[in-house]
Amino acid sequence: MEDRVIEHVTTVVIGAGHAGLAASRFLSERSLNHVVLERGEVANSWRRERWDSLRLLTPNWQSRLPGHRYDGADPDGYMTMGEVIEFISHYALVCRAPVRTGTTVTSVTRTAEGYNVATNSGVIRCRCVVVASGACNRASVPQLRSSIPASIEQFTPFDYGNPSRLPEGGVLVVGASATGVQLAGEIHRSGRQVTLAVGEHVRLPRLYRGRDVLWWMDASGVWNQRYDEIDDLTRARRLPSPQLVGSPERTTLDLNALAAMGVELVGRLSAVRDGRALFSGGLRNLFALADLKMERLLDTFDEWVSRAGSRTELGAPERFEPTRVPASSRLQIDLRSGEIRSILWATGFRPDYGWLRVPVLDEKGLLRHQGGVVDSPGMYALGLPVLRRRKSTFIHGIEDDAREVIDHLATHLDGG
């Protein structure tokens with residue numbers, strides 16, 4: 001079946017999440033013939049690859065796609081996974097995206113005219129490909145996982161689901177980004193003792209001067225900073241997600257909050273030797289760096305208010321307690337002692353391009369691209385970190401990116 005050419009189209013979009021559907025909207029506006037291929041269902045990653053309690057980090061009023069936006073009764077709330085699935089699925093219907101579900105892409109190869117996209121239903125020939133398959137297809141887990149004693153059960157956010165899936169006993173959560181702090185808090189509330197291994201992290205308050213911190217990111221222009229204006233773009237694209245949680249109470253979930261609950265904080269997991277987990281020292285420096293960066297960002301917000309003379313009613317400038325350094329922090333834990341029964345790797349995610357047979361990946365397996373224009377004529381990407389702006393991976397950030405990427409695609413088709 002994979003060798004049988006079933007049709008020719010101008011453009012194939014791979015992935016029917018919010019990025020692929022936004023691309024479809026702009027392709028349709030230009031009357032460009034295309035299909036959207038999805039291995040599962042629309043919004044498949046939200047349906048199959050998220051833990052049960054997850055909510056969006058962005059407030060509902062920020063949930064918008066080209067020509068479509070949240071219009072419910074709780075603009076300051078945060079969508080549950082069910083609500084996200086409904087929001088994206090409804091968008092696929094209203095924009096009449098030509099989605100083919102249950103269609104797995106098995107390879108993409110270059111041809112003289114464009115590309116062959118092989119699927120479980122046959123081969124589609126096209127001039128352009130838009131890769132919108134997501135940035136979080138696989139959990140990024142360090143090699144040292146192979147040194148963990150067999151008695152310890154290991155999980156990633158993909159197979160975690162909820163605390164009931166974990167064995168009874170202590171849990172080591174590795175990683176302190178949004179995922180790590182959310183899961184550490186949830187697991188601790190289930191009655192288990194949690195140890196959180198902290199590496200580089202981004203600290204943010206949920207609210208600042210009476211507004212959601214992401215309102216400030218939007219209003220001040222920080223989120224609109226373009227990729228070609230960022231000094232260290234590689235680093236910006238690899239930054240962990242900020243320590244935020246979307247909750248009805250709009251609470252801040254940082255390391256201070258976790259420590260107050262009773263979560264034990266240790267340094268970065270650096271090695272596993274003879275059944276012992278070894279943690280780096282230097283928590284004080286890690287905390288100070290994250291606090292400093294947060295303070296600088298808050299200064300940026302305050303300076304924007306001063307410059308813009310915002311007429312919006314805002315509270316007074318705030319500063320927050322520094323991250324509290326534990327009086328003592330363990331440098332190792334014997335994983336054979338029974339204290340820790342499971343490890344949850346919250347160490348980030350990575351895309352999966354195992355089907356891509358075009359030489360456009362760097363040494364780390366990431367797409368080589370400039371603002372979504374991939375290093376192969378007629379190939380494009382959407383939905384990756386800081387693709388064209390700092391907001392690129394968020395639902396509301398896709399509109400500007402998709403419009404500009406499809407503009408470039410149309411110019412390419414015209415021979416420009």
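Predicted model: local features only at pLDDT ≥ 70, side-chain atom pairs only at ≥ 80, totals over all residues.

Because 9 of the 12 residues of α1 are buried, the helix is largely enclosed by the rest of the structure. Its geometry can be checked as well: at 1.5 Å a residue, the 12 residues of α1 (residues 18–29) should span 16 Å, and the end C-alpha atoms lie 17 Å apart, which agrees. Just after α1, the backbone at Ser31 adopts a positive phi of about 55°.

Helix α3 can be followed in a similar way. Its 14 residues, 81–94, should span 20 Å at 1.5 Å a residue, and the distance of 20 Å between its end C-alpha atoms agrees with that expectation. The buried residues in α3 are Met81, Val84, Ile85, Phe87, Ile88, Ser89, Tyr91 and Ala92. Just after α3, Arg96 takes a positive phi of about 50°.

A further point of entry is Leu166, which is placed in the loop between α4 (157–160) and β11 (170–174). Is Leu166 buried or exposed? With a relative accessibility of 5%, Leu166 counts as buried, since the limit for buried is under 20%. Leaving aside neighbours within four places in sequence, Leu166 is in contact with Phe155, Tyr160, Val171, Ile187, Arg192 and Ser342. Leu166 and Ile343 are separated by 177 residues in sequence, yet their C-alpha atoms are 9.2 Å apart in space.

These local views can now be set within the whole protein, which has 10 helices and 23 strands. Of the contacts with a separation of 6 or more, 70% are between residues 24 or more positions apart. For 416 residues, a compact globule would have a radius of gyration near 22 Å, and the protein has 22 Å, which agrees; along the principal axes, its C-alpha atoms fill a box of roughly 65 × 60 × 40 Å. Buried residues make up 51% of the 416 residues, while the protein exposes about 18500 Å², of which carbon and sulfur atoms supply 46%. Finally, the mean positions of the 51 positive and 49 negative charges are 2 Å apart.

Technical notes: Residues numbered from 1 in each chain as written. Heavy atoms only, no water. Helix = DSSP H or I, 4+ residues; strand = E, 2+ residues; numbered from the N terminus. Rg over C-alpha atoms; globule rule 2.2 N^0.38 Å. Buried < 20%, exposed > 50% of the residue type's maximum accessible area, 1.4 Å probe, protein only. Contact = heavy atoms within 4.5 Å. Areas by Shrake-Rupley, 256 points an atom, 1.4 Å probe, with all protein chains shown as cover. Lys, Arg positive; Asp, Glu negative; His and termini not counted. Charge placed at Lys NZ, Arg CZ, Asp CG, Glu CD. Expected span 1.5 Å × (residues − 1).
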